[in-house]
Amino acid sequence: MLLKNNTLFGLPKQMVMDPVHGGVHFFSHERIIIDHPLFQRLRFILQNDILNLVFPGSQHTRFQHSIGTMHLAGKFFQNLVKSYLIQFKKQEYLSSDLVESINYLYGCLRLAALLHDTGHAPFSHQFEHSTQVANILNQKLFEEQWKNENYKLYFNNTPQKIEHEHFSIRIAHEIFKTVPDFGISANDVIFFMERSENKPSPILNAHITNLIATFVKNISPVARLSNEKFLYKLISSTNASLKLLTELKTIISGELDVDKMDYILRDSYFSGSKYGNYNIDSILNSLRIGYKYNGFRTRDATWIGIAIDLKGLRAVEDFIYSRFQLYLELYNHKTVCGFKYQLSIAIDETLSKSENLTFIKDCLSNINKYVLLTDSFLWEDFRKTAVSNPQSASFNLLNRKKLKFIYKEKGKSNPRI
């Protein structure tokens with residue numbers, strides 16, 4: 001297993017070929033999670049719902065995206081750490097405690113990235129936008145999902161509205177219950193996932209403190225301090241450790257996260273649009289840890305977290321512009337928006353049948369039955385509806401009947417699209 005190996009970043013034994021990233025290596029414990037039915041379900045959820053009706057190559061799945069996101073989370077953390085290892089001529093100079101701390105954080109981030117999208121329902125966000133589904137995703141459903149389980153391990157309060165991130169945390173909790181103990185706490189993995197409100201374990205706190213203390217002399221300051229002893233105390237404090245851990249959560253979900261890094265490249269590649277090409281290696285090689293401070297009297301860092309070296313600024317600008325271009329030319333393409341509108345209506349048509357509504361409620365409230373809820377289920381019902389009602393949105397989707405484009409208005413949005 002990963003943590004029983006003293007090699008920095010471990011020695012992954014398995015690899016799968018990915019059209020975007022090439023060879024993606026993974027560990028035995030990650031393979032166990034990937035093979036779990038609740039994760040395998042992502043093979044049957046398309047990454048971009050019905051984008052393939054306009055861009056035929058967009059047949060890639062949440063499964064592929066999740067593997068790619070895990071890969072990038074590993075590279076992100078590796079590059080962040082390696083930028084501070086240049087002071088060591090050889091790996092032998094690293095203490096075993098430091099290697100263990102690095103590997104533990106590395107393992108947590110990879111697993112959090114791997115599991116971050118497991119909660120997506122059929123057609124992803126469009127499913128949540130359905131009127132009837134939105135009415136189901138409430139506190140009562142949340143409590144049914146966590147029946148006989150303690151949701152307060154990860155949440156302070158019952159959420160008023162359930163979103164796919166809540167499902168991802170519930171699935172992660174369920175998967176960790178069924179897999180062997182491989183030395184990484186479920187609590188610490190879920191800590192890095194979006195919507196989680198749990199606190200890091202003492203083990204995770206100890207590892208991040210060890211990491212900061214080791215690299216404190218090389219942390220790039222926004223405003224340089226001359227008192228090295230004070231700097232050590234400042235950055236090694238519990239408060240600074242928690243701030244950095246919280247900042248590391250943005251690797252999974254933030255403005256510059258591995259989720260976006262992967263889907264921009266992946267959606268661009270499979271759609272053939274070429275709008276999402278940016279220099280990911282330049283971004284990853286420019287990662288640093290930075291901080292600001294209030295001054296010697298306050299004895300507290302106002303901010304400590306991930307920063308980008310100046311040389312990577314242009315690549316970050318390209319990243320932001322690539323994302324903008326994809327939304328403009330791909331996700332918000334006028335024909336795509338028309339089909340998404342019809343998809344939302346088609347989902348409501350499916351849920352108007354009592355037997356379907358009962359089945360979906362059952363799948364949403366029982367996480368082990370959630371594995372049955374895939375794109376395929378809804379497509380099959382769309383076909384049945386299309387046969388009985390040629391005027392339905394289901395018929396239009398199956399026969400690719402486009403809505404007529406009337407006009408475009410800025411500053412308006414339709415929550416069903």
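Does Lys274 count as buried or exposed, and at what relative accessibility? Lys274 counts as exposed, because its relative accessibility is 55%; exposed means over 50%, buried under 20% and partly exposed in between (1.4 Å probe, protein chains only).

This is a predicted model, in which local features need pLDDT of at least 70, side-chain atom pairs count only at pLDDT 80 or more, and totals for chains, interfaces and linings use all residues. Residues are numbered from 1 along each chain as its sequence is written, and side-chain values use heavy atoms, with hydrogens and water left out.

**Backbone**

Lys274 is not a glycine, yet its phi is positive, about 70°. Lys274 sits in the loop between α13 and α14 (280-284). Arg195 also has a positive phi, near 80°. Its loop runs between α9 (186-191) and α10 (202-215). Arg195 is partly exposed, because its relative accessibility is 36%. Most residues other than glycine have a negative phi.

**Helix α8**

Helices are DSSP runs of H or I, at least four residues, numbered from the N terminus. Of the 15 residues of α8, 13 are buried.

**Aromatic contacts**

The whole structure holds 20 aromatic pairs. Rings of Phe, Tyr and Trp (its six-membered ring) pair if their centres lie within 6.5 Å; planes under 30 degrees apart are stacked, over 60 edge-to-face, the rest tilted. Two edge-to-face pairs are listed here.

| Pair | Centre distance | Plane angle |
|---|---|---|
| Trp146 and Phe155 | 6.2 Å | 80° |
| Trp379 and Phe382 | 5.4 Å | 80° |

Trp146 and Phe155 are both buried. Arg170 lies over the face of Trp146, 4.9 Å from the ring centre. Arg43 lies over the face of Phe63, at 4.0 Å. Such a charge has NZ of Lys or CZ of Arg within 6 Å of the ring centre and within 35 degrees of the ring normal.

Trp379 and Phe382 are three residues apart in α18 (residues 375-388), about one turn of the helix. Trp379 is buried at 18% relative accessibility. Phe382 is buried at 0%.

**Arginine and histidine in a pocket**

The lining of the second largest pocket has 33 residues. Arg62, His120, His125, Tyr263 and Tyr327 lie nearest its centre. A pocket is an open set of points on a 1 Å grid over the protein atoms alone, where a 1.4 Å probe fits, with protein on both sides within 12 Å along at least five of seven lines; lining residues have an atom within 4 Å of a point.

Methods
Helix = DSSP H or I, 4+ residues; strand = E, 2+ residues; numbered from the N terminus.
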